[in-house]
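Trainee: Can you walk me through this one? I have the sequence and the coordinates open and would like to go region by region.

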Amino acid sequence: MKQVVLAAYAQGNPQPGDFRVEEVPIPQPGDGEILLKTLYLAVDPLLRFSVDETVLTGGGRAELGQPMIGPVVSEVVTSNHPDYAAGDVVEGRSGWQEYAVLAPDQSDYRGPPRKLDTTLAPVSTALGALGGPGQTAYEGIVNVGRVTAGETVVISAAAGAVGSIAGQIVKVLGGRAVGIAGGLAKCAALLDLGFDAVADYKAPDFAAQLRAALPEGADVYLDNVGGDVTMTVLPLLKRGARMPMCGFIAYYGVGMEGPGPDRLPGFYRLIMNKGLEIRGFAGMLAGQKGLEDIAGWMKQGRIRFAESIVDGIEAAPAAFSSVFSGHEHVGKLLVRVAHRG
């Protein structure tokens, strides 16, 4: 089988050369273990922390020479565990390899694989709308943002896995969704998904576009990126606005100090003057309730899941790197490793 291992810790944005593809024997399951065939793997921005030699946030760091960790959807090939049967489809963190052996009862940061209802939606959605990104969108809009009908919500990285679902949840709740994305194609895709207005952060008149999209300001800002985009949004927030913060991709791989100038004084002034409520959160807090609500809205046709899929495990390093370099994909970016059966 093939596996993608970490060859070097990332310096700045991850590069394809930070990984290498190796061929190794397919492992065999022992007592209490299951053999999994990988169907899809996710190239989430949050995995940037797993390839940092010094900065560690959340669920573990990848080790040099070992398979890259990350969420995958797999099919059970062989089971020596009573809770799993051959043919079951599961979501877990077995990593970037074509096959993997897991012991569900051995608890670590990954937890046991989650069995999927394959009749609910395509199994790939377990890594997107019906997985961590969907839970993050739900938590940010429903629980942290507390969006209500009639409110205006602006979302950065709106064409991504989290943002594209978040905007549609805003519409379900009766709010007005304004998306920020890079490039005409992504902005058009957001309008097609039902966003009320968009602003292209790559355009020279981005600030003017955003002001036009938010003529009365915004009640909620779901922030995925930080950096210049957020600095452009902040003056347009209403007094008492809520700012759920689920990502800061502009600063991934940057230490405490980062590049100058120091903009904290202006940031603090805005927080005080506008009475902003800013809260970072972990997306998985939404739990099963969030996934059930999203699944129901999908069945009703009120939420569509956007996916971009590339084929072959060899494509994983380049796909992951593209997440940090303004790729043109819309929605959840996935690598399809194999087909079911």
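Predicted model: local features only at pLDDT ≥ 70, side-chain atom pairs only at ≥ 80, totals over all residues.

Trainee: At what angle do H1 and H7 pack?

Mentor: The angle is about 95°, and the axes of H1 and H7 are 9 Å apart. The two helices are therefore roughly perpendicular to each other.

Trainee: Which residues make that contact?

Mentor: From H1, the contact uses Gly-134, Gln-135 and Tyr-138. By type, the residues where H1 meets H7 divide into 4 nonpolar, 5 polar and 2 charged.

Trainee: Now the inside. How many residues does the largest nonpolar core have?

Mentor: The largest nonpolar core has 34 residues, and Ile-141, Ile-169 and Ile-294 have the most contacts inside it. H1, E8, H2, E9, H3, E11 and H7 each supply at least two residues of this core.

Trainee: Which of those gives the most?

Mentor: H2 does, with 6 residues in this core.

Trainee: What does Ile-169 touch?

Mentor: Leaving out residues up to four places away in sequence, Ile-169 touches Ala-137, Tyr-138, Ile-141, Val-142, Ile-294, Trp-297 and Ile-303. There is also a second, separate core of 25 residues, and Val-4, Leu-47, Met-68 and Val-337 are included in it.

Trainee: Change of topic: charges. How many salt bridges are there?

Mentor: The count comes to 14 salt bridges. Side chains of opposite charge can pair when their charged atoms come close.

Trainee: Let's take a few. What does Arg-48 pair with?

Mentor: Arg-48 forms a salt bridge with Asp-52, and their closest N and O atoms are 3.3 Å apart.

Trainee: Are those two buried or exposed?

Mentor: Arg-48 is buried, with a relative accessible area of 1%. Asp-52 is buried as well, at 6% relative accessibility.

Trainee: And which residue does Arg-304 pair with?

Mentor: Arg-304 forms a salt bridge with Asp-192, with the closest N and O atoms 3.3 Å apart. This pair links distant parts of the chain, 112 residues apart: Arg-304 is in the loop between H7 and E14, and Asp-192 is in H3.

Trainee: How accessible are Arg-304 and Asp-192?

Mentor: Arg-304 is partly exposed, at 38% relative accessible area. Asp-192 is exposed, at 52%.

Trainee: One more salt bridge. What about Arg-336?

Mentor: Arg-336 forms a salt bridge with Asp-311, with the closest N and O atoms 2.7 Å apart. Here Arg-336 belongs to strand E15 and Asp-311 to strand E14, 25 residues apart, so to speak of the chain, and the pair links distant parts of it.

Trainee: Last one: where is Gln-66?

Mentor: Gln-66 is in the loop between E3 and E4. Gln-66 is partly exposed, with a relative accessible area of 45%.

Trainee: What is Gln-66 in contact with?

Mentor: Apart from its neighbours within four places in sequence, Gln-66 is in contact with Val-4, Val-5 and Leu-6. The C-alpha atoms of Gln-66 and Glu-23 are separated by 12 Å, and these two residues are 43 residues apart along the chain.

Technical notes:
Residues numbered from 1 in each chain as written. Heavy atoms only, no water. Salt bridge = Lys/Arg side-chain N within 4 Å of Asp/Glu carboxyl O. Buried < 20%, exposed > 50% of the residue type's maximum accessible area, 1.4 Å probe, protein only. Helix = DSSP H or I, 4+ residues; strand = E, 2+ residues; numbered from the N terminus. Core = buried A, V, L, I, M, F, W, Y, C linked by side-chain atoms within 4.5 Å. Contact = heavy atoms within 4.5 Å. Axes fitted to C-alpha atoms, helices over the stretch in contact; angles between N-to-C directions. Parallel < 35°, antiparallel > 145°, perpendicular 65-115°, else oblique. Nonpolar A, V, L, I, M, F, W, Y, C, P; charged D, E, K, R; others polar.
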